[in-house]
Amino acid sequence: MSIAQEPILKEVKELKEVREISTRYLNRDLSWIEFNWRVLEEAQDPSTPLLERVKFLSIVSSNLDEFMSVRVAGLKDQIKAGYNKKDFTGYTPAGLIKRIMKRTAKMVNEQYKTYREVTRLLTKEGIVFTEYEDLNMTQKKAMDAYYHDIIFPVLTPMAVDQSRPFPLVHNQSVYLAVLLLRDGDEPDEEPYFAIVQIPSNLSRYITVPSRTNSKKQEFILLEELIEHHIQSLFSGYKPISVHGFRVTRNADLTLNEEGAEDLLEEIEKELRRRRWGSPVRLEVQEGIHPYALAQLQEEFEISEQIFQIDGPLDLTYFMKLAGGLNGFDNLRYPRLHPKYPAEFEDTADFFSILKHKDVLVHHPYETFDAVTDFIVHAAYDPQVLAIKMTLYRASGNSPLIQALARAAESGKQVTVVVELKARFDEERNIAWARMLEKSGCHVVYGLVGLKTHAKITLVVRQEVNMLRRYVHVGTGNYNDSTARLYTDVGLFTSNSIIGEDASALFNEITGYSAPHDWQAFAVAPTDLKDKLFELIKRETEHAKAGRPAQIIAKMNSLSNQEMVDALYEASQAGVKIELIIRGVCCLRPGVPGLSENITVRSIVDRFLEHSRIYYFENGGEVDVYLSSADWMTRNLTRRIELMCPVLDHQMKKMLIQIVRVTLHDNVKSRELMPNGMYTRVKNELTPYRSQFEAMKVTSWKKLQLEP
């Protein structure tokens with residue numbers, strides 16, 4: 001072999017290795033796009049109530065906004081920095097972004113095709129989106145008055161010329177691009193260019209007065225009304241083109257936590273900078289004038305990530321419409337009436353119950369009020385000495401915040417770990433932090449470089465001759481609003497081992513403590529990953545020895561390469577692995593010799609599947625855990641996460657039943673194929689929709705369902 005041949009053969013070998021690696025894994029970002037397709041399928045499903053289809057269309061848009069502003073923005077940053085190495089799925093940033101844009105463009109086209117179908121069906125039901133020209137004279141007068149009295153005073157036309165540079169275009173706000181000629185100009189002269197922001201503090205849709213003897217509810221979009229009256233903003237000029245546009249900017253925070261004297265102030269600065277983030281996507285109305293498009297492309301320095309939209313820009317307003325319409329209950333899911341946990345129903349004293357037994361709560365089927373009441377009860381109980389809690393995302397008017405403030409004001413030791421870096425909730429969490437500090441709470445912002453994502457509350461109570469710890473550990477945020485929409489589980493316990501671990505965890509977060517030798521918990525970033533490897537390895541050894549071996553893991557996302565490899569190894573040893581993963585999955589199931597013992601299912605339905613539950617057969621001595629952590633690199637290495645064993649036999653049985661019910665679904669469940677695509681689960685069994693069956697359950701303790 002000649003010296004000249006060596007580099008060529010080396011390159012061929014490297015390409016072969018990359019190809020072999022890429023066939024083992026699915027790409028994280030492409031997998032996410034497939035998840036958003038599943039959301040879109042719910043908007044397309046004729047069996048989904050019409051106003052719920054409207055909501056799913058809105059969710060597709062909001063999901064895509066976040067994906068573009070974070071994931072695609074990150075890829076563009078890598079390209080800009082000259083980074084061109086392949087990831088473990090075989091993609092360079094440039095190659096991946098091309099694939100993303102192609103797949104996303106197809107999704108957006110399908111979304112707006114669905115939008116037109118849904119609005120047609122809404123019209124048949126008496127919910128009509130109309131254009132100005134289709135209004136009668138009475139309606140036009142009312143809309144003219146609304147424009148001149150309410151809209152016109154808020155509008156600011158902004159010209160762009162030599163003396164007036166392009167103004168700041170806000171992230172994900174809708175604007176109109178307006179081309180004008182002066183009165184008397186020839187049609188072929190170069191037009192004047194201006195933009196008008198659609199006010200975000202006015203309703204995007206406006207109720208039109210009803211026609212005589214009509215029961216229909218008519219609406220007109222805000223931009224439609226502004227466009228019709230655009231001449232009022234440019235006297236002496238003639239508009240020749242008016243089209244909407246919208247820019248998505250890089251919204252990921254870049255923090256120097258090491259050098260920040262005050263993390264709160266540093267984040268506030270970054271939030272202000274977010275408004276100037278580099279553009280990553282430009283959406284324009286279909287048919288936009290080429291001159292206007294050229295002006296926008298030049299300003300935003302964007303040439304490829306451009307979407308021409310055949311319909312209204314930004315369908316997120318659909319969520320408010322679907323929720324705000326009075327009546328039309330026949331077009332919605334039946335109202336859910338969450339049950340209060342039976343263990344707490346006949347008592348106001350949570351502690352008397354929890355002294356003797358653990359309690360598991362399954363949201364949204366059981367009310368989050370139980371969690372709120374537990375903390376409120378602790379805040380007012382004179383025997384409670386201390387309350388410690390992590391807070392990642394709270395609701396806009398959280399009763400938990402009020403209870404914690406009340407507890408501090410009454411002299412209790414209250415410590416709240418507020419995660420200021422919770423993406424897109426930073427401003428709200430800053431406000432909570434300041435309010436809690438004013439009330440006398442000890443507010444901690446977590447550890448440098450790590451997000452605190454664990455969901456845990458510790459209550460320390462003086463009882464006869466002893467202190468007792470009461471703990472709540474959950475899979476979801478302490479947010480009473482999302483708890484009505486997300487499936488999550490929470491464990492209440494006074495188990496002394498869990499209580500001691502809870503105290504040690506808060507001491508590590510708030511003070512100087514060496515890594516703890518956990519008795520029950522596994523905590524990221526120090527040992528959660530190793531614990532999961534240990535549990536998977538144990539199942540592998542059981543399978544090799546001919547003992548019962550099975551893993552059932554329910555989570556939101558699986559993208560860590562080492563975790564995927566560990567599951568592949570277990571599958572090859574004969575471990576039966578059933579994964580329930582709502583969103584991203586980089587594991588390729590059903591591949592002979594690699595993953596033939598692994599199945600992956602995703603459920604997208606009325607509620608967002610959010611609980612993380614991990615089951616290990618352990619040769620017949622079953623272990624079950626609940627956790628805040630998905631099996632993603634960020635969760636295992638860059639966040640404070642918690643995995644807690646369920647020790648009570650009855651509670652363990654309940655969690656097993658919850659995952660069994662989910663696996664039984666053959667209506668809203670999709671199975672991941674080896675090629676990365678998802679297909680609906682179909683079998684000859686009676687149709688079984690897990691979320692709807694869960695709503696019927698009066699007691700999870702009594703539910704019996706065969707695997």
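Predicted model: local features only at pLDDT ≥ 70, side-chain atom pairs only at ≥ 80, totals over all residues.
Me: What makes the contact between glutamate 463 and arginine 461 a salt bridge?
Reply: The N to O distance between these side chains is 2.9 Å. The cut-off for a side-chain nitrogen of Lys or Arg and a carboxyl oxygen of Asp or Glu is within 4 Å, so the pair qualifies.

Me: Are glutamate 463 and arginine 461 buried or exposed?
Reply: Both glutamate 463 and arginine 461 are buried. That label requires under 20% relative accessible area.

Me: Why is the contact between lysine 531 and glutamate 534 called a salt bridge?
Reply: The N to O distance is 3.7 Å. The limit is within 4 Å, therefore the contact counts.

Me: Where do lysine 531 and glutamate 534 lie relative to each other?
Reply: They are 3 residues apart in helix α15, which covers residues 528-544. That spacing puts about one helical turn between lysine 531 and glutamate 534.

Me: Why is lysine 531 called partly exposed?
Reply: Its relative accessible area is 24%. Buried means under 20% and exposed means over 50%, so lysine 531 falls in between. Glutamate 534, with 47%, is partly exposed because its value also lies between those limits.

Me: How do you know that lysine 537 forms a salt bridge with glutamate 541?
Reply: The closest N and O atoms of lysine 537 and glutamate 541 are 3.6 Å apart. With the cut-off at within 4 Å, the pair is therefore a salt bridge. Lysine 537 and glutamate 541 are 4 residues apart in helix α15, separated by about one helical turn.

Me: What makes lysine 537 and glutamate 541 partly exposed?
Reply: Lysine 537 has a relative accessible area of 40%, and glutamate 541 has 36%.

Me: Why are strands β2 and β4 said to pair?
Reply: Strand β2 (residues 157-160) is joined to strand β4 (residues 192-197) by 4 bridges. Pairing needs at least two, so the strands pair. They run antiparallel, and alanine 159 has alanine 194 in β4 as its bridge partner.

Me: How do you know that strand β3 pairs with β4?
Reply: There are 6 bridges between strand β3 (residues 174-182) and β4, and the requirement is at least two, so this is a pair. The sense is antiparallel. Tyrosine 175 stands opposite glutamine 197 in β4.

Technical notes:
Residues numbered from 1 in each chain as written. Heavy atoms only, no water. Buried < 20%, exposed > 50% of the residue type's maximum accessible area, 1.4 Å probe, protein only.
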